[in-house]
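Student: I am new to this structure and would like to learn how to read its features one at a time. Could we go through them together, with the general idea before each case?

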Amino acid sequence: MSFEFTKEELEYIEELSQRYPSPKALMLPLLWIIQNRLKHIPTEAFKAVADITKTSEAQVYGVVTFYTMFTLKPTAKYHIQLCKTLSCNLCGSKELLNLLKERFNLLPNQQNGDFQLTLVECLGSCGTAPVVQINNRLYENLTPAKLQKILEDFS
Amino acid sequence: MSSKMVEFTVNGKKLLAFEGLNLLKYLLDNGYNIPHYCYHDSLGADGNCRMCMVEIKGKKRPQIACDTLIKEGLEVNTNTPTIKRLREEILQMQLRNHPVDCPVCDKAGECYLQNYYMDYGLYKEGKHKKQKIKKSKNIEFGRNVVYDEERCILCKRCVRFFANITKTNELGVIKRANHSTISTAPNQKLQSQYAMNIVDLCPVGALLSSDFKFKQRVWFLQSSPSICHGCTKNCNITIDYSSTKFQAERIYRYKARRNEDVNGYFICDEGRLSYKEYHTNRVTQIEYKNSIIDFKEAISKIGIEIFIHKDIVILASPNLYIEELESIIKWSKKLNARLYSPLECYKDKEFADNWLKEELRVANAYGVMALEIDTSTPDISSDTLLINFDHKLAQDINTLHRIDFITHSINSQGLILPLASWVQSSRHLINSSGIKQYAPKTLVANKPILTVTEWIEAIGGDI
């Protein structure tokens with residue numbers, strides 16, 4: 001299996017590259033393009049990214065595995081990203097985690113049917129902690145009851 | 001770094017140094033024992049290990065020495081109670097997930113982490129009794145490099161070696177926080193011809209050479225400086241060998257030795273593994289037509305052969321030292337013999353690159369040229385006597401009348417005399433840049449084995 005950027009994507013990348021001083025800065029935008037299209041970043045795509053950013057596959061691998069929003073395997077239909085950082089922790093993210101464990105049988109880094117749970121670092125919304133991001137949408141000021149309702153609405 | 005000398009103090013002692021010089025480099029070069037992992041002379045500072053903390057007057061907190069430049073009036077303290085406590089705490093953090101498997105680790109005895117624990121750690125048991133994060137062991141990186149994720153302290157020296165020195169970027173840090181490890185790209189192995197240098201660079205037991213792994217504990221090894229004989233570059237190496245009682249000395253590995261003028265800090269993998277040649281296929285006995293004869297008989301046979309032949313060709317190996325070549329020149333003049341040292345057969349175009357590997361795969365070719373020895377191929381007729389001093393070409397020459405002084409056995413029906421290998425003798429070499437270097441004698445064979453000069457003296461030539 002090989003990976004190639006489509007013609008439209010390459011045009012967009014060309015446009016993006018004007019914004020940055022070095023091609024290395026294109027790393028995250030490129031990974032976003034792949035993640036959005038395929039719902040994961042296949043290892044075959046590393047070379048395409050490394051070629052454009054003038055880095056190596058090992059470096060791309062490092063970036064992909066560093067950020068929780070990039071995944072090496074396709075994500076489930078609903079990717080639940082639960083914040084584990086301080087503010088959310090103090091405001092009750094542990095209770096949300098317990099709910100996911102007991103009620104939906106979801107453990108961190110595991111898939112269960114349409115759901116997948118990942119514990120992530122700060123989502124940048126400490127004022128409305130605890131927060132959960134499901135796919136691209138942020139759910140704020142959550143309580144276990146609210147989260148349960150949201151997930152039950154999905155299924 | 002400017003050329004201005006400035007005065008500064010270390011532990012109350014006034015010192016002089018160039019302004020702008022890296023403080024850690026200065027301290028290490030001048031015999032101060034500053035613990036450090038990520039800093040290496042060839043790679044520079046990275047500042048990720050935080051081990052080289054020193055106190056600087058006027059600064060609120062302790063500073064890392066590798067990121068401090070020397071300037072006028074700098075007051076440095078390297079041994080205050082705060083610094084000692086700090087080092088102990090950093091060690092605790094590094095040992096938090098370290099398996100502490102020193103008894104089975106090949107690096108034990110030359111491990112920075114182990115040494116620093118003995119110097120600054122030694123805290124009470126039970127400080128790291130918590131569950132450790134388990135990771136993979138024995139990961140094959142390729143090119144004889146084996147990686148142990150648990151032992152790694154993530155100083156990134158290996159990553160920086162491929163980023164800054166070879167510029168191939170073959171390694172990267174993957175995952176995050178406590179789960180971080182070093183890795184190649186998925187399904188890929190190391191390709192670099194210099195990959196095994198990262199084993200030398202690794203301060204702990206994370207990167208090991210599969211060639212040396214489990215072969216010998218390092219405290220049984222003795223080290224001797226020497227020169228690699230792989231090509232005309234003459235890289236400086238350290239030979240690690242063991243000399244156990246009642247056993248023949250055995251070389252276990254070569255390591256790169258720092259010499260800014262020749263090879264910098266590194267050597268190529270092929271040179272590093274060339275130690276195996278010393279042990280394989282060595283000639284140890286005097287033989288004549290496949291039967292063993294004694295020393296006196298051999299000397300008289302040489303005398304007769306030299307006496308009855310008018311036309312004598314001497315082949316001298318370009319691996320021999322300058323002084324040895326000089327004595328062969330003298331002897332050849334005395335015998336009225338033709339002396340050759342052909343270089344063509346040592347050429348290997350595929351081996352050469354534009355860094356440390358050179359085309360002529362023989363150590364003293366430039367010494368041969370400096371001594372103006374004929375480097376063309378000799379013509380040998382049926383009644384020419386061939387005296388061969390370990391030259392590679394001799395195994396392809398088919399002649400009945402021959403005397404072979406050789407280190408490694410070849411297919412010959414004539415008189416075979418064992419010769420000391422370059423490791424067993426000492427003298428000078430000239431490399432491709434014209435630098436003359438001294439290679440000391442490292443190994444002494446259990447049975448005495450003669451060098452070129454000793455043989456010529458025994459036969460009765462002048463040396």
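This is a predicted model: local features need pLDDT of at least 70, side-chain atom pairs count only at pLDDT 80 or more; totals for chains, interfaces and linings use all residues.

Student: Why is strand S12 of chain B said to be largely enclosed by the rest of the structure?

Tutor: The idea is to ask of each residue whether its relative accessible area is under 20%, which is the cut-off for buried. In S12 of chain B, residues 236-242, seven of the seven residues are buried, and the strand is therefore largely enclosed by the rest of the structure.

Student: In which sense do S11 and S12 of chain B pair, and over how many bridges?

Tutor: For pairing, one reads the sense of the two strands and then the residues that stand opposite each other. Strand S11 of chain B, residues 222-227, pairs with S12 in the antiparallel sense over six bridges, and B:Pro225 stands opposite B:Thr238 of S12. S12 is also joined by six bridges to strand S13 of chain B, residues 250-256, again running antiparallel, and here B:Asp240 stands opposite B:Arg253 of S13.

Student: How many residues does each chain bring to the contact between chain A and chain B?

Tutor: The contact takes 13 residues from chain A and 14 residues from chain B. Between them the two chains bury about 1,100 Å², of which 60% is on carbon and sulfur atoms. On the side of chain A, the residues that lose the most area to chain B are A:Ala58, A:Tyr61 and A:Phe66, which together make up 42% of what that side buries. As for charged pairs, the count of salt bridges between chain A and chain B is zero.

Student: How many helices and strands are there in chain A?

Tutor: For a whole chain, one counts the elements and then follows their order. Chain A has seven helices and five strands, and along the sequence they follow the pattern α-α-α-α-β-α-α-β-β-β-β-α. Of its 155 residues, 45% count as buried.

Note on methods
Residues are numbered from 1 along each chain as its sequence is written. Chains are lettered from A and ligands numbered from 1 in the order in which they are written. Side-chain values use heavy atoms; hydrogens and water are left out. Buried means under 20% relative accessible area, exposed over 50%, partly exposed in between (1.4 Å probe, protein chains only). Helices (H or I, at least four residues) and strands (E, at least two) are DSSP runs, numbered from the N terminus. Two strands pair if DSSP finds at least two bridges between them. Contact means heavy atoms within 4.5 Å. Buried area is the accessible area (1.4 Å probe) that two parts lose on being put together, summed over both. A salt bridge is a side-chain nitrogen of Lys or Arg within 4 Å of a carboxyl oxygen of Asp or Glu.
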